Amino acid sequence: MDTIKNNRINGGTPHENVVSHSKAAELFIRDEPRTDWHDETLWFVREKRDRAVQQVPEWEQLRELGSQIKDHTLSNLDNYLMAFEKNAQANGVKVHWAADAAQHNEIILQIIREGNVQRVVKSKSMLTEECHLNNFLIERGIEVVDTDLGERIVQFRNEPPSHIVLPAIHLKKQDVSQTFHQHLGTEKGNNDPQYLTEAARQHLRDKFIKSQLAITGINFAVAETGGFVVCTNEGNADMGAHAAAIHIACMGIEKIIPKAEHLSVFLRLLTRSATGQPITTYSSHFHKPRNGQQMHIVIVDNGRTKQLGRPDFRNSLKCIRCAACFNTCPVYRRSGGHSYHTAVAGPIGSILNPNLDMKANADLPFASTLCGSCTNVCPVKIDIHQQLWKWRQVLTEEGYTATGKKIAMNGMAFVLSHPAVYRLTGKIGRWVMRMFPFVTNNKIFNPWYKQREMPVAPKQSFRDWYIKNKK
Ligand code: SF4
């Protein structure tokens, strides 16, 4: 399969080695059947979401409520975070604060060393992906096993997840079979999903039992109780946290919600938007360590307060990571998650990541058609396509847009704002298409032609036709 496996920023990869979205996407779409299959599979998930949403007559009110709760929380973030810390500490949980990814990783390493731990199981957490925790710990001699099935598959393959909810969505069962044959010794060529899942189950059971420490993410942290909720479909976060002597839960500062009653809004929004299920199979509530267990929460900023200070992009912190915007995005569906060189890919990733590093992520807001489908499906009403458009302006003003693109855009702006020039260039264009098809039907002169058929040039423009035919 043509794909870029380790196209990641901040993971020890220097910026100059990171392949841009368009170049990585070019590699992905070389495999046409796989591209079509990826597109159709994600669209299937999008349709499941639509059917689930249609079952809830008050869906739009729920979205509005979710959006308003998040808006309110972001405006009072400091108070809610401090209340959460106080209540969690009263429950016997140790709370740590990390300004950035490096501090997050160091805090976890210190807990691991103090506990004399060698083996760690980890359930899905995009924050730990963002902080590149796995590599950090593995380089220091700690065994880290991802326990979400999709994440374990990509971990075996030394790939990052390509989707925040469906980490191995870029792979077919044949790929999984081959990977399990190589790493788990399953029967060569046996692609039966049940057989493969059972093999993973046996393998992971052993890891759960032997692990000394479990790391989980946090979907929602409740300020009024100091408790938190972790959502999984496989129960792997529960297995890890209940079997281990130490539980570390990691959260970005935006995961906070004020009250337990608000969970009813977000739990209803999250899974319907993500996979079309009415609720996640396991929505597990954690409040305090069991007798003899240690529980830690690491609260991480890593650029989030900076984003909070950008009025145009502040709303992106409302994201509950459902991935509905990924599944509906025509660019994501046809370019694959590895084309985005960041932990969180897709439309929301293209808003969050320029905040972390404008230069390295300047290509991402351009990986969109601005069709607005992402905004339409977002359960917390983030104006995603507006923010992508705004980032393009900011990046251009800050000088991070490629010179060729700048010249082309200025030229286009001139043509589109001068009707006479527009008509003339249209005429010339149609003439060139008719007289010199080798210019327009040429991948070097016309990159647009690489993936598309050129239309037959009409004899006249619509405007000419209209003038002639209007009554
Ligand atoms: S931006 Fe909205 S649609 Fe996209 S992942 Fe976040 S909550 Fe879901």
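This is a predicted model: local features need pLDDT of at least 70, side-chain atom pairs count only at pLDDT 80 or more; totals for chains, interfaces and linings use all residues.
**Cysteines, cavities and pockets**

What is the distance from the sulfur of C250 to the closest cysteine sulfur? The partner in question is C131, and the gap is 7.8 Å, which is too far for a bond. A disulfide would need the two sulfur atoms within 2.5 Å. For the structure as a whole, the number of disulfides is 0.

The largest cavity has a volume of about 90 Å³. It is lined by 14 residues, and C319, C322, C325, C378 and P379 are the closest to its centre. Sorted by class, that lining has 13 nonpolar residues, no polar ones and 1 charged.

What takes up the space of the largest cavity? The ligand does. Around the ligand there are 13 residues, with C319, C322, A323, C325 and C378 coming nearest. This shell divides into 12 nonpolar, no polar and 1 charged.

Next, the open pockets. The largest pocket has a volume of about 1,600 Å³. Its lining comprises 31 residues, and those nearest the centre are H21, S22, A25, F366 and R452. Which helix gives the largest share of that lining? It is α1, with 5 residues. Helix α1 spans 21-28, and at least two lining residues each also come from α2 (32-54), α15 (330-335) and α19 (403-416). By class, the lining of the largest pocket has 12 nonpolar, 8 polar and 11 charged residues.

The second largest pocket holds about 1,300 Å³ of space. It is lined by 50 residues, of which K124, D148, V165, L166 and P167 are the closest to its centre. The largest share here, 5 residues, comes from α2. Other elements that each supply at least two lining residues include the helices α6 (126-130), α8 (149-156) and α9 (173-184), along with the strands β6 (228-232) and β7 (246-252). In this second lining, 25 residues are nonpolar, 14 polar and 11 charged.

To finish, back to α2: this helix supplies at least two residues to the lining of the largest pocket, and it gives the largest share of the lining of the second largest pocket.

Key: Residues are numbered from 1 along each chain as its sequence is written. Side-chain values use heavy atoms; hydrogens and water are left out. On a 1 Å grid over the protein atoms alone, a cavity is a set of points where a 1.4 Å probe fits but cannot get out, and a pocket is an open set with protein on both sides within 12 Å along at least five of seven lines; lining residues have an atom within 4 Å of a point. Grid points are joined across faces, edges and corners, and a volume is the space filled by probe spheres set on the points. Ala, Val, Leu, Ile, Met, Phe, Trp, Tyr, Cys and Pro count as nonpolar, Asp, Glu, Lys and Arg as charged, and the others, Gly among them, as polar. A residue is near a molecule or strand if one of its heavy atoms lies within 4 Å of it. A molecule sits in a cavity or pocket if more than half of its atoms lie within 2 Å of its grid points. Helices (H or I, at least four residues) and strands (E, at least two) are DSSP runs, numbered from the N terminus.
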